[in-house]
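Hello,

I am handing over the structure we talked about, and it is shown just below. Have a look first, and then read on for what turned up in it.

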Amino acid sequence: MGRRGVIFDHIYPATGKSNGTVMLAGPTEIDTAVRAAAKAQREWTALTADRRRDLLIDLADVVHEHLDELAKLNVADYAVPISFASNAILLERFLRHFAGYADKPNGASTPVNGSFDINLIEREPYGVVAVITPWNGALVVAGSCVAPALAAGNAVVLKPSELAPFAALRFGELCVEAGLPEGLVTVVPADAEGGDALVRHPGIGKIAFTGGGATARKVLHSAATNLTPVITELGGKSANLIFADADLDRAATLSAHQGPLMQSGQSCACASRVLVQDAVYDEFLQKFLGVVGAARIGDPTDPATTFGPVISQAAADRILAAIDAAVTHGAGELLLGGKRIGGELANGYYIEPTVFGGVDNSSDLAQLETFGPVVSVMRFGDEDEAVQIANDTPYGLNAFVQTTDLNRAHRMARRLEAGSVWINQFSDISPQGPYGGYKQSGSGRTGGVEGLREFQQVKNIRIGLT
Ligand code: NAD
């Protein structure tokens, strides 16, 4: 069955030093995990709906008892500041939310034309679902994808990134501690080779992939081998529209924390393009730079820290190259940051929060996902121009609007090409709200009943009556 797993040396981004090793799954381990999951899935669906609901609630309780531990593992995974490491809380909320679906009616009946036949519409699990997570969100994706997949009656093989395996591995252990059948959730940290083996495995009924567009293209290509259906949750280049009527202090704070300060800009939800109406451009910019410049940069384990490193040396190199190219090509004016941070933090992968002003929306800086603490600020005159600039990108994950005019808020929400529009609000992902992308930001939704449906296939049963 090909190569066996290899040992991976995990580097802690805040120090550049080894954080311990982890065994990565190769095709052999992936095959074992998928077979075990198929067996566990049969046990899972043999349980009553009440029992499955109770076990998912038990799992939420066990996660709750381990919130601190999971938060610390999240920090160990990718040096996200502990003040920000609330992903485990979101995991718990998703588990409680979707546990409630496990025992709810799951089908319908419909009259069929010209007969007394009985026509039933039922929703069934796919069997074994492969959930592939990015390094920056293993626990969130465990909540948004694993919880509904289990509630729908599937088993899951969860593949976290090799760059962030620790919290996900602990979640796998907690699933067993909570009493879920062994193998129902198997966590297999793996790199691209293991990931590809999982995607190509004939025992996988559905794939939920969260990551970058380049990897998504490979996943879709490999999934074509068995025509396995895929949900993709991908990157963004989200616009944040600041209208002159907005509360500018609030807008500046929100824009900074939704922008370069949000996991050092390493979030799919990052608002990396800030569009400001002419009349308040200078005033907003001053406030915005003030908030960004006041970030507490340092040790991610210190609760006072609000800004940590980027994930790796390679990421630091890529981000600095994007900044240099933007300066060289005159994409905009560098107003803040732009450099690697030295001194005590020199061994970590810290890059200054970076703001460019007067950015040309057609530049690479404005069009490509930097996935680092780099934000482009640009001007607009009126609503039409704001919409035109905001939508002028291949992505469509989020859009943000800062305004106190309710009519404008609704007009903008309908005109912006994005799966989620947040008005005067952070990207507060919740189990109730469907989340996902338009355009190249992905297909499919997580959260809400839409998120449950992604993990169910529909069967129509017609009973002829004589
Ligand atoms: P990535 O695309 O490099 O990797 C994602 C996952 O795919 C990892 O687990 C990786 O090991 C795996 N992988 C790599 N090659 C593979 C292959 N050939 N077959 C199968 N799996 C393979 O992304 P990343 O750097 O881990 O994460 C950052 C990206 O994720 C950004 O683009 C970000 O916007 C996006 N993201 C999106 C969301 C969302 O909900 N839309 C959430 C978080 C992150």
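Let's start with glutamine 456: leaving out residues up to four places away in sequence, it touches Asn106, Arg123, Glu124, Tyr126 and Ala152, where contact means heavy atoms within 4.5 Å. Please keep in mind that this is a predicted model, in which local features need pLDDT of at least 70, side-chain atom pairs count only at pLDDT 80 or more, and totals for chains, interfaces and linings use all residues. Residues are numbered from 1 along each chain as its sequence is written, and side-chain values use heavy atoms, with hydrogens and water left out.

Glutamine 456 belongs to strand E18 (residues 456–463); strands (E, at least two residues) and helices (H or I, at least four) are DSSP runs, numbered from the N terminus. Its relative accessibility is 5%, so glutamine 456 counts as buried (under 20% relative accessible area, with exposed over 50% and partly exposed in between, using a 1.4 Å probe and protein chains only).

Now to the helices. The axes of H3 (residues 67–78) and H4 (residues 87–99) come within 8 Å and cross at roughly 125°; axes are lines fitted to C-alpha atoms, for helices over the stretch in contact, and angles run from 0 to 180 degrees between N-to-C directions. H3 is therefore oblique to H4 (angles under 35 degrees are roughly parallel, over 145 roughly antiparallel, 65 to 115 roughly perpendicular and the rest oblique). Leu67, Leu70, Asn74 and Tyr78 of H3 meet Asn87, Ala88, Ile89 and Glu92 of H4.

Among the buried residues of H4 are Leu90, Phe94 and Phe98.

Best wishes
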